[in-house]
Amino acid sequence: MINASVDQTIRLISTGKSSGSTCSPDLATAPWEFDAGVPGYGPGSSMGDVIPTGSPRQGELPELYRTAAPAELDERIRVAKATLGERVVVLGHFYQRDEVVRHADFVGDSFQLAQATRSRPNAEAIVFCGVHFMAETADLLSGPDQAVILPNLAAGCSMADMADIDSVTECWEQLTELYGTEPDADGRVPVIPVTYMNSSAALKGFCGENGGIVCTSSNAETVLEWAFERGQRVLFFPDQHLGRNTAKAMGIPLERMPMWNPTRPLGGNTAPELDSAQVILWHGFCSVHKRFTVDQIAAARQTHPGVRVIVHPECPMPVVDAADEYGSTDYIRRAIAAAPAGSTFAIGTEINLVQRLAAEHPEHTIFCLDPVVCPCSTMYRIHAGYLAWVLDALVGTAERPAAVLNRITVADDVADHARLALERMLAALPTAPATVPAPVTASAPVSALAGA
Ligand code: 13P
């Protein structure tokens with residue numbers, strides 16, 4: 001039982017029996033106890049991050065689902081799914097708890113799940129076991145009559161919340177004031193906005209409306225190539241690390257990737273710094289991947305000579321540089337599946353996936369780089385109790401008619417543009433790396449950057 005292992009570790013930490021510090025001893029508590037309290041991300045890696053006041057709150061989960069034993073919840077989910085048949089499809093991200101993942105019809109990374117959204121056009125309901133921005137994406141890509149359900153509305157993403165539409169619009173206005181909107185002689189506009197999938201639908205809409213695009217961790221390089229064909233520079237949000245790691249791998253020097261801090265004029269940069277920029281990085285980050293360090297990699301190499309270190313590109317650049325490889329959650333899964341038996345892996349990503357891979361591959365030694373368990377607190381909020389609750393509601397009873405609970409609907413005023421940015425991503429294909437503008441000196445005029 002994979003999650004028994006995660007839960008057991010959390011219990012050991014919470015009772016003080018495990019050594020080392022962790023996110024919170026409250027990790028062992030049921031997620032509904034946090035949903036009812038003060039708005040916050042609850043226990044886990046992002047619990048210290050600020051949650052926007054407008055974030056959705058989850059109403060109280062009926063007692064039946066809070067007190068049911070795991071086996072009972074499992075059975076309820078099975079029965080409801082069997083009753084609903086083709087009327088429902090359950091999608092699950094790799095970071096979900098094992099007791100949720102086992103009920104998913106599709107399990108994947110965020111790109112694969114976006115594609116999977118379209119796999120069952122006849123399903124009336126898509127139950128998305130992931131986080132809020134993924135459910136929004138599913139709503140954008142699914143049919144108008146399909147209802148997308150997020151079992152726990154409090155499953156947000158603190159990184160996504162680090163870029164809001166007002167701050168990005170303000171940034172855009174400052175950049176427009178500097179560079180205008182006219183394309184250069186090669187037809188490249190001054191700035192192309194690129195948003196990571198981990199962002200609100202409003203930001204995807206902003207990108208669609210302003211000639212931009214969405215990327216995921218599995219296609220970020222392809223998407224940046226797409227953007228450089230059309231623009232002189234890229235504004236990349238919200239994850240600075242994915243942007244930096246991807247741009248660096250494409251040969252873009254660090255001095256041409258200034259960071260944008262929305263609390264400061266010009267994001268804390270000078271105009272010449274922005275003139276020479278190829279990628280302007282928003283200052284967001286993932287609290288789970290920020291925990292991985294170069295010291296952990298050194299320790300893993302010392303204890304396990306020959307270990308293969310693979311990390312997610314949301315990790316800070318020094319960690320990615322010190323690793324042997326980096327890639328999306330699906331990349332990590334495939335790399336492990338393809339390795340010769342007896343391999344040893346140290347993995348830098350969320351613990352639920354690492355534990356599951358370790359259980360699925362007893363022929364390898366697989367461990368998490370971070371020795372202290374700290375799940376993604378928002379992914380962890382999709383407890384089997386919430387999944388059983390929304391599925392039972394879809395089935396209905398003699399006393400209670402069938403109902404769609406926790407439907408996620410993207411507002412009409414952003415949906416078309418957001419869908420456009422997603423469609424551009426789905427259609428983007430890798431091109432020759434030569435499309436990336438070649439480095440020029442910081443003092444070069446903007447037109448030189450554009451044409452380079
Ligand atoms: P991928 O699913 O694209 O690997 O990224 C997962 C994610 O959202 C990490 O925060």
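In this protein, 68% of the contacts with a separation of 6 or more are between residues 24 or more positions apart, where a contact means heavy atoms within 4.5 Å. Before we go further, note that this is a predicted model, in which local features need pLDDT of at least 70 and side-chain atom pairs count only at pLDDT 80 or more, while totals for chains, interfaces and linings use all residues. Residues are numbered from 1 along each chain as its sequence is written, and side-chain values use heavy atoms, with hydrogens and water left out.

Let's begin with the overall picture. The protein has 19 helices and 13 strands; these are DSSP runs numbered from the N terminus, with helices (H or I) of at least four residues and strands (E) of at least two. Of its 452 residues, 56% count as buried. Buried means under 20% relative accessible area, exposed means over 50%, and partly exposed lies in between, using a 1.4 Å probe and protein chains only.

Now for the empty spaces inside. Rolling a probe the size of a water molecule over the atoms shows where empty space is left. A cavity is a set of points, on a 1 Å grid over the protein atoms alone, where a 1.4 Å probe fits but cannot get out, and its lining residues have an atom within 4 Å of a point.

Domain 1 (161–282) and domain 2 (289–373) each supply at least three lining residues, with bounds taken from an automatic or database domain assignment.

An unreviewed UniProt entry carries a "binding site" annotation that covers His-93, Ser-110, Tyr-196, Met-197, Asn-198, Ser-217, His-312, Pro-313, Glu-314 and Thr-329. Of these residues, the lining of the largest cavity includes His-93, Ser-110, Tyr-196, Asn-198, Ser-217, His-312, Glu-314 and Thr-329. UniProt positions follow the numbering used here, feature names are shortened, and annotations may be inferred rather than shown by experiment.

Let's visit two of these residues. Tyr-196 sits in strand S5 (residues 189–196) and is buried, at 2% relative accessible area. Leaving out residues up to four places away in sequence, Tyr-196 touches partners including Met-159, Phe-237, His-312 and Glu-314. Glu-314 lies in the loop between strand S10 (308–311) and helix H14 (317–322), and Glu-314 is also buried, with a relative accessible area of 5%.

For contrast, look at Pro-305, in the loop between helix H13 (294–303) and S10. Pro-305 is exposed, with a relative accessible area of 70%.

Note on methods: 1 Å grid on protein atoms, 1.4 Å probe; cavity = no way out; pocket = protein on both sides within 12 Å on 5 of 7 lines; lining within 4 Å.
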